[in-house]
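Dear colleague,

Please find the structure below for your records.

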Amino acid sequence: MAYLLVVLFFLALFVVAPLKGALVFSGSLLLASLAVQATSSVVSRVSVSLTEAFKAIVLSLFFTAIAAFTAVSFMVGAPRELLNSGSGLVLLALQYGAYVLGFRMALGLTFAHSAVVAVISTLVTSVAIWFIARMATLGA
């Protein structure tokens, strides 16, 4: 059933989104999955399949979205100064914890290993996407 949902998601993505946007999104997701796979094998010495890495990314983004929606629902009508105080750091920690929890649940690593995998794979993926975008603009 999960594979059917993934196939339907990518089918809908390629039908709704412009072709270039859908290809860039799919390539970025593949790059992130490869980064998670490589990082988790180096950090925790556990072999992770590409499917498990993809599942970890999806769960992490899902939990981060839940944390963001929860935080926004509590802040409706709250003063702006609320985010400038220490509670802004608490919200940031909540987002990071939700992000790491996705890796923890999908990959079965310890929380510390999941945190390291989340940080390193995010940095590697971000730098790689920035580099690819930079090279694309130089060629244009």
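The count of aromatic pairs comes to five, where rings of Phe, Tyr and Trp (its six-membered ring) pair if their centres lie within 6.5 Å, and planes under 30 degrees apart count as stacked, over 60 as edge-to-face and the rest as tilted. One of them joins F10 and F54: the ring centres are 6.4 Å apart and the planes stand at 35°, so this pair is tilted. Because F10 belongs to helix α1 (residues 2-16) and F54 to helix α3, the pair ties together parts 44 residues apart in sequence. Y99 and F103 form an edge-to-face pair, with centres 5.3 Å apart and planes at 80°. F9, F10, F25 and F54 make up one aromatic cluster.

This is a predicted model, in which local features need pLDDT of at least 70 and side-chain atom pairs count only at pLDDT 80 or more, while totals for chains, interfaces and linings use all residues. Residues are numbered from 1 along each chain as its sequence is written, and side-chain values use heavy atoms, with hydrogens and water left out.

Leaving aside neighbours within four places in sequence, S114 is in contact (heavy atoms within 4.5 Å) with V100, F103, R104 and L109. Helices here are DSSP runs of H or I, at least four residues, numbered from the N terminus.

With kind regards

Methods:
Helix = DSSP H or I, 4+ residues; strand = E, 2+ residues; numbered from the N terminus.
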